[in-house]
Amino acid sequence: QVRLVESGGGLVQAGGSLRLSCASSGRTFSNYAMDWFRQAPGKEREFVAAISWSGDSTYYADSVKGRFSISRDNAKNTVYLQMSGLKAEDTAVYYCASGPSVDPSTMDYWGKGTLVTVSL
């Protein structure tokens with residue numbers, strides 16, 4: 001059974017930084033693309049970032065470009081989301097997902113999420 005477990009969320013002041021991790025188990029991690037999504041209170045879930053299976057290609061939502069960085073360590077079966085310059089509007093539950101391509105619509109397994117709260 002594929003399992004994705006996010007960690008690293010918490011409370012941070014505006015302008016601060018946080019690194020999220022997502023540990024994968026249950027299938028060959030290096031064969032799959034990984035995406036990050038988020039869902040703010042009262043809003044739809046939205047795409048944040050994606051990384052190809054090799055890590056050679058990355059993609060970002062315009063709202064986080066230049067502030068967030070996605071990376072992966074295939075030896076540790078883990079994907080990361082480094083977030084800096086955090087804003088109040090980044091407050092959300094962050095989810096990682098795994099799929100056969102970086103296309104958000106192809107994600108077939110999801111974690112349960114980790115809450116990030118950015119205070120003013």
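Predicted model: local features only at pLDDT ≥ 70, side-chain atom pairs only at ≥ 80, totals over all residues.
Let's begin with the aromatic residues: Phe 37, Phe 47 and Trp 110 form one aromatic cluster. Residues are numbered from 1 along each chain as its sequence is written, and side-chain values use heavy atoms, with hydrogens and water left out.

What makes a pair here? Rings of Phe, Tyr and Trp (its six-membered ring) pair if their centres lie within 6.5 Å; planes under 30 degrees apart count as stacked, over 60 as edge-to-face and the rest as tilted. By this rule there are two aromatic pairs. Strands here are DSSP runs (E, at least two residues), numbered from the N terminus.

How covered are these rings? Buried means under 20% relative accessible area, exposed over 50%, and partly exposed in between (1.4 Å probe, protein chains only). Phe 37 has a relative accessible area of 5%, so it is buried, while Phe 47, at 22%, is partly exposed. Phe 37 also pairs with Trp 110 in a tilted arrangement, 4.6 Å centre to centre and 45° between the planes. That pair links distant parts of the chain, as Phe 37 is in strand S4 and Trp 110 in strand S10 (residues 109–110), 73 residues apart. Trp 110 counts as partly exposed because its relative accessibility is 30%.

A charge sits over a ring if NZ of Lys or CZ of Arg is within 6 Å of the ring centre and within 35 degrees of the ring normal. The charged end of Arg 45 is placed this way over the ring of Phe 37, 5.9 Å from its centre. Elsewhere, Arg 27 lies over the face of Tyr 32, at 3.7 Å from the ring centre.

Now turn to strand S8 (residues 78–83), where five of the six residues are buried. Two strands pair if DSSP finds at least two bridges between them. S8 runs antiparallel to strand S3 (residues 18–25), joined by six bridges; here Ser 21 has Tyr 80 as its bridge partner. Six bridges also join S8 to strand S7 (residues 68–73), again antiparallel, and Phe 68 is partnered with Met 83.

The hairpin of S7 and S8 has four residues between the strands, and Asn 77 is found in that loop. Most residues other than glycine have a negative phi. Asn 77, although not a glycine, has a positive phi of about 55°. With a relative accessible area of 30%, Asn 77 is partly exposed.

Finally, which residues lie nearest the centre of the largest pocket? They are Arg 38, Ala 40, Lys 43, Glu 46 and Glu 89, out of 15 lining residues. A pocket is an open set of points on a 1 Å grid over the protein atoms alone, where a 1.4 Å probe fits, with protein on both sides within 12 Å along at least five of seven lines; lining residues have an atom within 4 Å of a point.
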